[in-house]
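Reader: I am new to this structure and would like a friendly walk through it. Could you take me through a few questions?

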Amino acid sequence: MQKILFVCLGNICRSPLAEGIMLHLKNKYNLNVEIDSAGTAGYHIGEAPDKRTITNAKNNGVDLSSLRARQFDKKDLDIFDKIYVMDHSNLRNVLALAKDQKQKDKVSLFLNAVYPGKDLEVPDPYYGTEQGFEDVFQLVYKACEIFSSQFKTTV
Ligand code: 4NP
């Protein structure tokens with residue numbers, strides 16, 4: 001079973017959203033994958049996702065309320081098969097902790113998994129409007145729907 005980790009800055013908006021959506025799709029499609037998320041910063045360790053993220057996801061049928069923030073640790077580069085970061089700043093911060101090329105190769109921008117080579121970021125909604133949270137939800141949900149196909153088991 002593949003172990004994947006989503007990473008953003010605070011682990012209260014984008015990466016827990018990706019984790020929660022993938023857990024939702026794991027239930028829906030019986031995906032063969034283990035999912036977690038973390039933040040490169042330690043500002044929100046132990047906290048639930050941002051209330052605006054929780055409310056928006058709930059309105060779209062995804063429950064994030066049981067998730068709790070944690071900080072990315074260099075051990076994650078040993079534990080996980082793939083690490084999907086939300087933006088270029090996360091990418092630099094995670095790559096800086098990689099001890100060798102094998103670990104560096106595990107790390108990539110999440111949206112490159114579904115829109116290869118485009119180097120797109122998931123925008124940070126934290127300082128924006130309610131609409132920003134909805135836009136990020138739709139972007140991440142669509143990406144996760146495409147991304148999830150690689151973990152579907154055929155019967
Ligand atoms: P996230 O958003 O990286 O998507 O969780 C943020 C959450 C908190 C902060 C910044 C971004 N902050 O500065 O506290």
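**Cysteines and a helix pair**

Author: Let us start with Cys-13, which counts as buried at 6% relative accessibility (buried means under 20% relative accessible area, exposed over 50%, partly exposed in between, with a 1.4 Å probe and protein chains only). This is a predicted model, where local features need pLDDT of at least 70, side-chain atom pairs count only at pLDDT 80 or more, and totals for chains, interfaces and linings use all residues. Residues are numbered from 1 along each chain as its sequence is written, and side-chain values use heavy atoms, leaving out hydrogens and water.

Reader: Is Cys-8 buried or exposed?

Author: The relative accessible area of Cys-8 is 2%. Cys-8 is therefore buried.

Reader: Why is Cys-13 too far from the closest cysteine sulfur for a bond?

Author: A disulfide is a covalent bond between the sulfur atoms of two cysteines. Here it is counted as a pair of cysteine sulfur atoms within 2.5 Å. The closest cysteine sulfur to that of Cys-13 is in Cys-8, and the distance, too far for a bond, is 7.0 Å.

Reader: How many disulfides does the count come to?

Author: The rule asks for cysteine sulfur atoms within 2.5 Å. By this rule, the number of disulfides is 0.

Reader: Are α1 and α6 parallel or oblique to each other?

Author: Helix α1 (residues 14-29) packs against helix α6 (residues 130-148) at about 45 degrees, with axes 10 Å apart. Angles under 35 degrees count as roughly parallel, over 145 as roughly antiparallel, 65 to 115 as roughly perpendicular and the rest as oblique. The two helices, α1 and α6, are therefore oblique.

Terms used. Axes are lines fitted to C-alpha atoms, for helices over the stretch in contact, and angles run from 0 to 180 degrees between N-to-C directions. Helices (H or I, at least four residues) and strands (E, at least two) are DSSP runs, numbered from the N terminus.
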